[in-house]
Amino acid sequence: MPKGGVNAPVPVAADATPVVDPRLIVREGGVKGYLGEFKRRLGSGELGSLPVVLALIIIWAVFGSLNSTFLSAQNLSNLSQQIVGTGMIAIGVVFVLLLGEIDLSVGSVSGLCAAIFAVMNVTHGVNEWVALVSALVGGALVGLIQGLFFAKVGVPAFVVTLAGNLAWNGLMLQILGSSGTVNLSGKDIVSRLYTTIYSQTIAAYLVAAVGVLMFLTANLLDARRRRAAGVPYRPPADIALRTVVLAVIAFVVAYTLNQYKGLPLALLIFLIFIVVLDFVLRRTTYGRQIFALGGNIEGARRAGINVSWIRISVFMICSTMAAVGGLFLAAQIQSASQTSGGGNLLMNCIAAAVIGGTSLFGGRGSTWSALLGALVIGSIQSGMNIMGVSNAIQFMITGAVLLAAVVVDSLSRRTQKAAGRA
């Protein structure tokens with residue numbers, strides 16, 4: 001035991017840069033503190049969501065200037081619905097990326113679970129709720145199987161999920177049968193979840209108000225808890241500023257949606273998933289263990305974390321979210337077919353998570369990355385469709401954006417290492 005007991009201060013090298021809590025900088029420096037904290041984060045490579053937000057602003061500005069239809073309430077409302085399927089799958093991908101792993105089977109899993117629902121409900125007349133639960137359970141079982149091979153057998157996640165990509169696609173074709181396509185009735189639960197739009201003006205504004213109030217309450221409670229513990233906390237002015245910014249964004253979105261048809265239920269469900277799973281990641285022991293495992297697996301193991309369980313459960317979450325996304329994608333086209341889960345869906349889902357700010361190296365990311373990344377990809381596709389750009393050009397541009405995101409992630413990680421923060 002070092003001299004002075006367990007509570008003795010840990011000696012710091014003379015040339016070491018002290019790690020200062022950003023809340024303390026802001027609280028003591030006011031506006032100057034904000035600027036200092038921004039420079040510190042920029043210098044240490046902690047860019048957060050800034051690059052993707054700037055990219056989204058530029059994309060919207062460019063397409064909006066080229067064609068006014070892009071920023072119309074109708075197009076933006078349709079965009080908010082169209083990104084839900086991809087975004088749901090991307091949320092699951094975020095969880096896997098936080099471990100520093102990859103899941104290449106999410107596209108096939110989404111198609112498989114859509115086929116399970118469609119065949120059970122439409123072909124065999126099974127109750128829609130039973131078919132829905134069966135599809136979600138099917139997704140969870142896929143994640144369990146792949147997680148066991150990865151965590152217990154030791155097969156690399158890349159190989160397990162690549163094999164799964166082929167196997168689950170084959171199982172989907174087997175379930176669909178000779179017809180190859182099962183059309184949804186349009187009145188089933190999955191279709192209603194996607195197509196329902198709350199046309200009452202108050203609905204969108206009420207959701208915006210509830211979201212802002214929840215954000216404010218959570219921040220005030222967190223500041224109170226930290227103040228009681230004697231650690232740096234966000235000052236009221238900081239919380240008020242963040243709340244105002246969020247309120248402006250939320251009510252502008254609500255206003256835009258109300259200019260067309262209203263609040264899509266699919267978008268609301270997507271946001272609920274993001275908020276709930278963000279809480280799981282940032283506010284629960286389980287979430288902190290995921291980040292710990294992605295940051296340093298050996299350190300996490302020595303800290304007593306059940307590495308196998310975390311890995312298996314994360315792959316189960318990923319496959320379950322793939323099932324949810326697959327159901328919304330099936331509702332979007334009103335069918336489950338041999339092409340479900342195919343095409344560029346897998347790449348779009350992974351790209352959405354990475355472009356949104358989740359690191360490929362593990363240990364850094366958020367469920368909000370799925371929303372931001374899906375918005376970027378969806379905006380590019382929507383804008384180029386309006387401009388009449390071919391799919392070939394769209395693929396090349398989306399690939400370039402993904403590469404740019406990975407480059408930013410790599411440079412950010414290198415800067416963090418140089419600053420001693422990675």
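This is a predicted model: local features need pLDDT of at least 70, side-chain atom pairs count only at pLDDT 80 or more; totals for chains, interfaces and linings use all residues.

Modeller: Residues are numbered from 1 along each chain as its sequence is written, and side-chain values use heavy atoms, without hydrogens and water.

Biologist: Why are H2 and H15 called roughly parallel?

Modeller: The axes of H2 (residues 50-66) and H15 (residues 368-387) cross at roughly 15° and come within 10 Å. Angles under 35 degrees count as roughly parallel, over 145 as roughly antiparallel, 65 to 115 as roughly perpendicular and the rest as oblique. So H2 and H15 are roughly parallel. The crossing is left-handed.

Biologist: Which residues of H2 and H15 make the contact?

Modeller: Contact means heavy atoms within 4.5 Å. On H2, the residues include Val52, Trp60 and Phe63; on H15, they include Leu372, Ser379 and Gly383.

Biologist: What makes up this contact of H2 with H15, by residue class?

Modeller: It has 12 nonpolar residues, two polar and no charged. Ala, Val, Leu, Ile, Met, Phe, Trp, Tyr, Cys and Pro count as nonpolar, Asp, Glu, Lys and Arg as charged, and the others, Gly among them, as polar.

Biologist: How do H5 and H13 pack?

Modeller: H5 (residues 128-153) and H13 (residues 307-333) pack at about 145°, with axes 7 Å apart. Their crossing is right-handed. That contact divides into 15 nonpolar, seven polar and two charged residues.

Biologist: Which residues have the most contacts inside the largest nonpolar core?

Modeller: Phe117 and Ile290, in a core of 102 residues.

Definitions and conventions. Axes are lines fitted to C-alpha atoms, for helices over the stretch in contact, and angles run from 0 to 180 degrees between N-to-C directions. Helices (H or I, at least four residues) and strands (E, at least two) are DSSP runs, numbered from the N terminus. A crossing is left-handed if the near helix is turned anticlockwise from the far one by less than a right angle, and right-handed if clockwise. A nonpolar core is a set of buried Ala, Val, Leu, Ile, Met, Phe, Trp, Tyr and Cys residues joined through side-chain atoms within 4.5 Å. Buried means under 20% relative accessible area, exposed over 50%, partly exposed in between (1.4 Å probe, protein chains only).
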